[in-house]
Amino acid sequence: MGATETTVTGPSGRRKVGLVAAALAGVLALLAALAVGHLAAGFISVSASPYLAVGNGAIDLTPVGLKDYAVRTFGTHDKLVLLSGMAAVLVVVAALAGIASRRSPWPGTAVIALFGLIGVVAVVARPDLRPVAIVAPLASLGAGVVVFRLLHRAARTWDAQGTLRRKGQSRRSFLVTGAGVVAGSLAAGVGGQLLVSTRDAAASRAAVGRLVPARTAPPIPADADFEKLGTPPFLTPNSKFYRVDTALTVPQLRTEDWSLRVHGMVDREKRYRYSDIRDRPLVERTITMTCVSNEVGGAYVSTANFVGVELADLLEEAGIRPGAEQLFSSSVDGWTSGTPITGALDRDRGAMLALGMNGEPLPLEHGFPARLVVPGLYGYVSATKWLVDLEVTTWRARQAYWLRRGWAEKAPIKTESRIDTPLGFQTVPAGTVRVAGVAWAQHTGIDKVEVRVDNGPWQPATLSTQVTVDTWRMWWTQLEVPPGLHQVTCRATDRSGYTQTQERVGTVPDGATGWHTISFTTK
C-alpha cells in the first residue's frame, strides 16, 4: 500500500476520521443548526431563534452581582460581549465534540442533541413566545444532527494526517459537502433575517409622524446648562440617551399590532389601541431618568422631553379597587416591573404613558411604540419599554423581574452629583482650574452643590437655572490649584435639606451612594 493510501483505524478496524475534518464537522453542524433555527424563527418570532433564546435565558440566570459587573464594565456593549462569548464557547465545544467523534459519530451527535434540548428549554421558558415557537429549536436540533452525520460520513475516508487517498477523492468529497453546508447555512440565516425584517417596526415608526402635544413643556432656558464649560447639554440627544435593559435584540413591535391591556384589581378591564392613545390630548414633560445600575459618577442618567398621556387617566378609567398596591407592567418580550400604585396615580408626580421623545416618536431601542415614564423612581420600577400590559395588583401577588433577584421594592432616586470636567487623570494647566458637572434629585430638586480640592474646605458652585424638580441641574466653579497631583470632590444638597452621604454603597439593592471624586494633574 502506498504512502498516500495509509489509513488510521481504531481497535475494531474502523477508519478513524482525520482531526481537522472531525473538528470542521462539529463546527459546520453547529453553523447549520443555528442558521436553520433562525430561519424557522423568522416565521414565528425572532425571540424563538435558539441562539437568542439561550442568550436571553443566560441573562435571566446570571447572578445579580455578575450582571451588575457586566453593565458597569461593558456598558451598552454588555449584550454584544455576551453573544460573542457564547459564540466562542459554542465553536470550541462543537470542535471538541467533532474531535471526540473520530471513531464514531455518536459523541458528537449526543452533544448536538444536548445543544438542541437546551434550545428547546430556553424557548419554552420564554414568557413572550407561543407554543408554536418550539418548532425553531426542534428544526435546529434536527438540522444539526443530520448535517453532522453527513459530514462525518464524508470525512471517514480522510485519515488522521489529512493525507490524500483514492487520488484525492475523499478530501474533495468532504470539502464539497462542507462548502454546501456553509452555503446552505448562509442562505438559511439570511432568509431568516429577511423574514424578521418584514416585521420591522422602523416603517411603522416613520408612519406615526409628528406628535403634537396639547400641553407643551416649559421652554428650556439658555442657562439651563453650562455645556461650553464642560457639562452635558441639558437635553440628551436620543442617540446618546443611556440604554440599560435585558433585551438581546430590540423588539420589533408595530403600532398596528400594539395594544395595551389594563386589568387586575380594577372595576373595568380596558384595552387601548395605539390610535386610542394617539388621538388623546397629549402632554409634554421634561424628565431626567436614572438607572439603578448607575455607579457614583456614572453615565446612566439622561434627560429628554417626553410626549404622551397621563397614566392616571388610564388607570382611573379602569377604576382602581381598594387594596391595590402595585402597578405590574410587562414588556412585549416578557420583562416585568412593579411600580407603587400611589406613584402611578399621583398627578403631581406626572407619570406618563409616553409615545414620543425629544420631538419624535420613541426610538425603537427606547420602547417604541409606548413605554412608562414615572418621574423620581429608578428605571427598573418606572420605565418599562415596549409596554403591552398593566396589571393592578398587590406586592404579594406578583413579583417583578428585578424584585425576584433581590432588588428593592420601592426605589426613589437618590440625591447625587457628578464631575464631568476635568476628566479623571487628565492633565490641565496649573492655576485657575474649571470644574463642572451635574447633580440630580428627581422630584425633589437640587438646592446646592459644593466642591473641594484635596480635602480642603467646601466651596459653593454656581448652579444653572432649575427647569423643574424632575430634571438634573448643572453646576460649575473655578479653583486655584498649584502644580501637582490633586483630587476634587463634589456633593449636592437637595431642596428638602438633605446633603448626599459620603458613605460608599453599591448599586444593589436600591441605588449607589457616595461622593464623586476624581484625580487630575496640573502643570
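Rings of Phe, Tyr and Trp (its six-membered ring) pair if their centres lie within 6.5 Å; planes under 30 degrees apart count as stacked, over 60 as edge-to-face and the rest as tilted. By that rule, ring pairs join Trp335, Tyr380, Tyr401, Trp402 and Trp407 into a cluster.

The model is predicted: local features need pLDDT of at least 70, side-chain atom pairs count only at pLDDT 80 or more, and totals for chains, interfaces and linings use all residues. Residues are numbered from 1 along each chain as its sequence is written, and side-chain values use heavy atoms, with hydrogens and water left out.

**Aromatic pairs**

The whole structure holds nine aromatic pairs. Among them is a stacked one: the ring centres of Phe241 and Tyr242 are 5.5 Å apart, with planes at 20 degrees. Tyr242 also pairs with Tyr300, and this pair is tilted. Here the centres are 6.1 Å apart and the planes make 45 degrees. The second pair links distant parts of the chain, 58 residues apart. Tyr242 sits in the loop between helix H8 (202-208) and strand S1 (259-264). Tyr300 sits in the loop between strand S3 (283-290) and strand S4 (301-310). Helices (H or I, at least four residues) and strands (E, at least two) are DSSP runs, numbered from the N terminus.

How covered are these rings' residues? The table gives the relative accessible area of each; buried means under 20%, exposed over 50%, partly exposed in between (1.4 Å probe, protein chains only).

| Residue | Relative accessible area | Class |
|---|---|---|
| Phe241 | 6% | buried |
| Tyr242 | 11% | buried |
| Tyr300 | 12% | buried |

**Charges over rings**

A charge sits over a ring if NZ of Lys or CZ of Arg is within 6 Å of the ring centre and within 35 degrees of the ring normal. Arg405 lies over the face of Tyr401, 3.7 Å from the ring centre. Tyr401 is also one of the cluster residues. Arg149 lies over the face of Trp106, at 4.4 Å from the ring centre.

**Strand S14**

Strand S14 covers residues 446-453, and six of its eight residues are buried. Two strands pair if DSSP finds at least two bridges between them. S14 pairs with strand S18 (residues 484-494) in the antiparallel sense, over seven bridges. Val453 has Val488 as its bridge partner in S18. S14 also runs antiparallel to strand S15 (residues 459-460), joined by two bridges. There, Val451 stands opposite Gln459. S14 and S15 form a hairpin with five residues between them. In the turn, Asp454 has a positive phi of about 50 degrees.
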